[in-house]
Amino acid sequence: MNNNVWERFKKNIKENNLINSGDKVLLLNSLGKDSAMLTDLFCQLRDEINFELIVIIFKIPIHAYQNDVEFCKLVDFWKQKNLIIKVIEFEESDLLWEQSINIKGDVPCNECRRLRNIQIKLAIDQINPNKVAAGFNLTDLQSYLTMMQLFSDYTFDIDKITNIKTAKRFISLL
């Protein structure tokens with residue numbers, strides 16, 4: 001890993017007192033590249049600061065986790081780093097919408113988010129961490145900020161965004 005990324009990550013954690021010895025950290029992981037990077041950084045940090053790291057993986061949307069062999073290899077990779085991995089499976093009845101051909105464009109994202117939010121709350125209630133961490137795709141964030149600049153006439157004033165759905169989307173994402 002790029003040493004500069006690690007050093008900046010570690011400096012930010014320490015300067016802002018984000019993780020301390022004895023903390024119980026719940027890390028949300030999608031098995032994507034952003035989550036992999038964050039998980040790796042947390043594994044390194046755990047070697048320097050004594051804290052408990054628990055990783056949860058949500059298998060939603062289904063189409064992203066159809067390759068069971070690849071999924072198991074990725075989970076095993078992280079388990080070899082002495083991580084506690086909890087895989088959240090969803091009831092088949094909760095996922096039937098994904099197989100429907102009559103889905104409107106924004107329904108799957110909203111439905112996945114709704115189901116993940118329910119499971120995140122359950123995981124927090126069951127695991128009782130004092131810290132929760134999640135990766136966010138920087139390019140997604142850059143895209144949203146650029147769109148917000150344009151839609152708000154470069155003011156970042158949410159009131160200048162006339163499309164209510166777009167304004168709510170920015171609020172929920174940021």
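Which residues do ring pairs link into a cluster? They are Trp 6, Phe 9, Phe 42 and Phe 51. The notes below place them in the fold.

1. **The model.** This is a predicted model, in which local features need pLDDT of at least 70 and side-chain atom pairs count only at pLDDT 80 or more, while totals for chains, interfaces and linings use all residues. Residues are numbered from 1 along each chain as its sequence is written, and side-chain values use heavy atoms, with hydrogens and water left out.

2. **The fold.** The protein chain has six helices and four strands. Both are DSSP runs, numbered from the N terminus: helices are H or I with at least four residues, strands are E with at least two. From the N terminus the order is α-β-α-β-α-β-α-β-α-α.

3. **Contacts and surface.** A contact means heavy atoms within 4.5 Å. Take the contacts between residues at least 6 apart in sequence: 73% of them join residues at least 24 apart. The protein chain exposes about 11300 Å², by the Shrake-Rupley method with a 1.4 Å probe. Carbon and sulfur atoms supply 51% of that area. Of the 174 residues, 34% are buried. Buried means under 20% relative accessible area, exposed over 50%, and partly exposed in between (1.4 Å probe, protein chains only).

4. **Helix α1.** This helix has 13 residues and reaches 18 Å from its first C-alpha to its last. That is close to the 18 Å expected at 1.5 Å a residue; the expected span is 1.5 Å times one less than the number of residues. Its buried residues are Trp 6, Phe 9, Lys 10 and Ile 13. Seen down the axis, they fall within an arc of 95°, so they line one face of α1. The arc is that of the directions from the helix axis to the C-beta atoms. Arg 8, Lys 11 and Glu 15 are exposed on the other side. The buried residues of α1 pack against α2 (33-48). After α1 comes Asn 17, with a positive phi near 55°.

5. **Aromatic pairs.** A search of the whole structure finds four. Rings of Phe, Tyr and Trp (its six-membered ring) pair if their centres lie within 6.5 Å; planes under 30 degrees apart count as stacked, over 60 as edge-to-face and the rest as tilted. Trp 6 and Phe 9 form a tilted pair, 6.2 Å centre to centre with 35° between the planes. Both lie in α1 (residues 3-15), three residues apart, about one turn of the helix. An α-helix has 3.6 residues a turn, so residues three or four places apart point the same way. Phe 77 and Trp 78 form an edge-to-face pair, at 4.8 Å and 80°. Phe 77 is partly exposed, with a relative accessible area of 42%, whereas Trp 78 is buried at 5%.

6. **The cores.** A nonpolar core is a set of buried Ala, Val, Leu, Ile, Met, Phe, Trp, Tyr and Cys residues joined through side-chain atoms within 4.5 Å. The largest has 23 residues. Phe 9, Phe 42, Leu 45, Phe 51 and Leu 53 have the most contacts inside it. The elements giving two or more residues to this core are α1, β1 (24-29), α2, β2 (52-58) and α3 (68-79). The largest share, five residues, comes from α2. Beyond its neighbours within four places in sequence, Leu 53 is in contact with residues including Val 25, Leu 27, Phe 42 and Ile 84. Another core, of nine residues, lies apart from the largest one; among them are Leu 26, Leu 28, Ile 56 and Phe 58.
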